[in-house]
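This report is meant for someone meeting the structure for the first time. Please keep the sequence and the 3D view at hand while reading.

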Amino acid sequence: MKTRGKWGGFAAGLITAALAIGTSAQAQTVKVTPLGAVDGEFCPLDRAMIFEDPDGTRILYDTGRTVAGPEDPRLGEIDAVLLSHMHGDHLGDRHIEAVNATECGKPSFPVDVRSVSNTVQIAHAKDALIVTGSEMPGILGRKLESIGGGPDKSVLVRFGASRMVGGVSITTVPAVHSNGVSGDFLGGPLGEMLKSSGVTAYAGPPTGYVLTFSNGLSVYLSGDTGITAEQDAVVRGHYGAKLVVMNIGDTYTTGPTEAAYVINDLIMPASVIPSHANEWATDGGNVRSGTRTEAFINAVSVPAHVPLSGKTMEFDSAGVCSAGC
């Protein structure tokens, strides 16, 4: 009886310790920091966000034009760069000179990096992976090589597959959009022919992402997309996304009403961050009346957290904002 009691107590101790570790992991938060053109605001071309796992892994999503190149002090260490598709406002064909060096309502992007891109320059400077799906890894790998980087730093993850970066599992999911490579980015005779013909090169289908963090939080990054059946069957049904970054800008992506349908009826997360609004959305950090951002916030049935540049939000494993919102 004494032996049985001793081992029973030992087993109980292991169970208690395991439960404590699990509870601690769930209590840890994922930090989300938007990188826009103007501190404390949500401006028309703001796209970029950094996601930081509890283990310190840092992932930059859709660099775009509002990160001031590799020297932007907001970047810090970056382990991976994600790119939903090759359009200039996501790839970063131009970028701001510095944070707060432009007006939120009418941002300017004077630094021209069309031939290499903000995405590639930052990934190379930070020695970070570029993780993309479709036909994009080869194109981006060649650009890395052209500035002295290794093409093997541009890696593939296609639909249904996953790749670990630190404690974060990354997969791509379908997006309904286009995905052309500009002649300016390709350069050379082929680039000139494309430009003169008014066409772009094929880069495969565009993508969204699902990131699963070490605390168990699953996050859907919509990329530029319309409404898709996969938002129900894959994003919600398989991955169980609890936090969504949803493009709401209309014309190029889902409008606010359509995006609200995706949130309310298809994915049903705990929280959503509107993105890609293509408007002067806030003034003094407050949502402007009559905007698409306001319409979206009013239409969704879950908390919508406006991505104010430089303001870090923290989300628990259930997708609930615990700080900064």
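Strand β14, helix α7 (residues 230-236) and strand β15 make a right-handed β-α-β unit, where right-handed says that, with the strands pointing away from the viewer, the path from the first strand over the helix to the second runs clockwise. Helices (H or I, at least four residues) and strands (E, at least two) are DSSP runs, numbered from the N terminus. The model is a predicted one, in which local features need pLDDT of at least 70 and side-chain atom pairs count only at pLDDT 80 or more, while totals for chains, interfaces and linings use all residues. Residues are numbered from 1 along each chain as its sequence is written, and side-chain values use heavy atoms, with hydrogens and water left out.

| Strand pair | Bridges | Direction | Opposite residues |
|---|---|---|---|
| β14 (residues 218-221) and β15 | 3 bridges | parallel | L221 and V245 |

In strand β15 (residues 243-247), 5 of the 5 residues are buried, so the strand is largely enclosed by the rest of the structure; buried means under 20% relative accessible area, exposed over 50%, and partly exposed in between, with a 1.4 Å probe and protein chains only. L243, V245 and N247 point one way from β15, whereas V244 and M246 point the other way, and all are buried.

**Nonpolar cores**

A nonpolar core is a set of buried Ala, Val, Leu, Ile, Met, Phe, Trp, Tyr and Cys residues joined through side-chain atoms within 4.5 Å. The largest core has 27 residues, of which L60, L75, M86 and L140 touch the most other members. The elements that give two or more residues to this core are α3 (118-126) and α4 (136-146), and the largest share, 4 residues, comes from α4. Leaving aside residues up to four places away in sequence, L140 touches, among others, L83, M86, V120 and F185, a contact being heavy atoms within 4.5 Å. A second, separate core of 26 residues includes V32, V157, V168 and M313.

**Disulfides**

Counting pairs of cysteine sulfur atoms within 2.5 Å as disulfides, the total comes to 2. C43 and C104 form one of them, with their sulfur atoms 2.1 Å apart, and at -120 degrees about the S-S bond this link is left-handed. C43 lies in the loop between β1 (30-34) and β2 (49-52) and C104 in the loop between β5 (94-95) and β6 (111-112), so the pair ties together parts that are 61 residues apart in sequence. Both C43 and C104 are buried. Another disulfide joins C321 to C325, S to S 1.9 Å, and its torsion about the S-S bond is about 90 degrees, so this disulfide is right-handed. C321, at 19% relative accessibility, counts as buried, whereas C325, at 47% relative accessibility, counts as partly exposed.

**The protein as a whole**

There are 9 helices and 20 strands in the protein. Of its 325 residues, 51% count as buried. Among contacts between residues at least 6 apart in sequence, 65% join residues at least 24 apart. The C-alpha atoms fill a box of roughly 85 × 45 × 40 Å, taken along the principal axes.

Methods:
Two strands pair if DSSP finds at least two bridges between them.
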